Amino acid sequence: MKNENNIINDASFHTHTFRCKHATGEVIDYARNAFEAGSRTLGISDHVPLPDDRWPEARMAFSELDDYTDAIEFAQKALPDLKIFKGMECEYAPEYHSYFKDELLGERAYDYLIGAGHYTPLAGTWINSFENLKTASALKAYSTYLAQTMESGLFAFIAHPDLFGCSNTHWNADLAACSRDIFQAAEATKTPLEINGYGFRKPPIQSTEGLRPRYPWRPFWEMAANYDIQVICNADAHRPKDVLANIKDAKCLANAFKLEIIDHLPTPGSDTKKT
Ligand SMILES: [Zn+2]
Ligand SMILES: [Zn+2]
C-alpha cells in the first residue's frame, strides 16, 4: 500500500537474475522496478553457484560468482536510496557448510542466505522435490532435510516449504505429518517460513479442491497457525516486472490464518518477535 510519500510497505527478499538460466533480467532491472514501484528495500537471491558446479542446469557457474556480486554492488551504488541486500537461495548439504558460512556470509559479506529444498536427499540420491514428494518416505525425507537446513543456523528463512503441493493433488495424513515436522523445526530453530508468490503465477493444478496454485497450499498454512512461527511474503521474481508480484496475495493468505508476517530480513536463529 502506498503512503503519502509514495513508499510502499512491500519488500521482496527473493529475486533471481538471468544467470540461473530460467530467469531474465539483471539486478539493476529488478532494483529499478522495485524502486519505481515505491519499495525501498530489496533482496537479491539468485540460485547459489556451488564450488563443484553441482546441479548446473538451474544456477550460474561458480566462475560467475564475482560477476553476480559485482552486479549487486553496481545496483547498490546506482540506487543509493534503495537498500539492496546481497543474498543467495541455497540447497544445504554439510559439505557446503563452510562455503556458505565462511566464504559467502564471511569473506564475501553476503547479507543473507535462503534455504530451499528444490532437491531432497533420499536413499543415497537426490530426488527432484517439484515432482517426487508423493510417498510417505519421500515426504519424511523432505521434512528431515528442511529441518537439517534450519538447524545449520545459516539461513534467514526457508523458501516455499510447501513445495510438495506440486506433486500431490489432495491433502492427506502423510502431508500433515511432513508439515508438522517442518513447523516443529521452524519453531525450535526460530526460522521464518516463506509464503512464496511465484506459486500464484505458475499454471494451477487440478485437484480435489478444484483448480488451485501448486503452492502456497492453503492446508499447510492453515496448520501453520497452530505453531509459534513467523512467515515472510516474497515475490520470488524471475522477470524484472514481477519484482513485487503476488506479495499481496501471499499476505492475504497469511492474514486469513492470522499468521505473524515479518517484513524485514531476519537474522538466523534470532527471536524477532515484537512482544
Ligand atoms: Zn526456490
Ligand atoms: Zn527462487
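Tutor: Let us begin with strand S1, in which 6 of the 7 residues are buried, so S1 is largely enclosed by the rest of the structure. A residue is called buried if 20 or more other C-beta atoms lie within 10 Å of its own, exposed if 12 or fewer do, and partly exposed in between, the C-beta atoms being placed from the backbone. Helices (H or I, at least four residues) and strands (E, at least two) are DSSP runs, numbered from the N terminus. Please note that this is a predicted model, in which local features need pLDDT of at least 70 and side-chain atom pairs count only at pLDDT 80 or more, while totals for chains, interfaces and linings use all residues. Residues are numbered from 1 along each chain as its sequence is written, and chains are lettered from A and ligands numbered from 1 in the order in which they are written.

Consider next the partners of this strand. S1 and S2 pair in the parallel sense over 7 bridges; two strands are said to pair if DSSP finds at least two bridges between them. Within this pairing, Thr41 stands opposite Lys83 of S2. S2 is in turn joined to S3 by 4 bridges, and these two strands also run parallel. Here Glu89 has Ile114 of S3 opposite to it. In a regular strand the side chains alternate between the two faces of the sheet. In strand S3 (residues 112-115), Tyr112 and Ile114 point one way, Leu113 and Gly115 point the other way, and all are buried.

Val27, Tyr30, Ala31, Asn33 and Ala34 of H1 (residues 27-36) are buried. These residues lie on the same side of H1, because they cover an arc of only 165° around the axis; the arc is that of the directions from the helix axis to the C-beta atoms. The cover over the buried residues of H1 includes strand S1 (41-47), helix H2 (65-78) and strand S2 (83-90). Phe35 also lies in H1, but it is partly exposed, with 18 other C-beta atoms within 10 Å. If its neighbours within four places in sequence are left aside, Phe35 is in contact with Leu79 and Leu82, where contact requires that the C-beta atoms of two residues, placed from the backbone, lie within 7 Å. After H1 comes Gly38, which has a positive phi, near 105°.

The loop between S1 and H2 deserves attention for its backbone angles. Most residues other than glycine have a negative phi, and most peptide bonds are trans. Asp53, which lies in this loop, has a positive phi of about 55° although it is not a glycine. Asp53 is exposed, with 12 other C-beta atoms within 10 Å. Trp55 is found in the loop between S1 and H2 too, and its phi is likewise positive, at about 50°, although it is not a glycine. Trp55 counts as partly exposed, with 15 C-beta neighbours inside 10 Å.

We may now turn to another part of the model. Phe35 and Ala186 are 151 residues apart in sequence and 32 Å apart in space, C-alpha to C-alpha. Ala186 is one of the residues of H5 that make the contact with H4. Helix H4 (residues 136-151) and helix H5 (residues 173-189) pack at an angle of about 5°, with their axes 9 Å apart. Axes are lines fitted to C-alpha atoms, for helices over the stretch in contact, and angles run from 0 to 180 degrees between N-to-C directions. H4 and H5 are therefore roughly parallel to each other; angles under 35 degrees count as roughly parallel, over 145 as roughly antiparallel, 65 to 115 as roughly perpendicular and the rest as oblique. Ala136, in helix H4, is partly exposed, with 13 C-beta neighbours inside 10 Å. Ala136 and Leu175 are 39 residues apart in sequence, yet 7.9 Å apart in space, C-alpha to C-alpha.

Finally, a cis peptide bond joins Tyr215 and Pro216, with omega at about -10°. Pro216 lies in the loop between strand S9 (210-212) and helix H7 (218-224).
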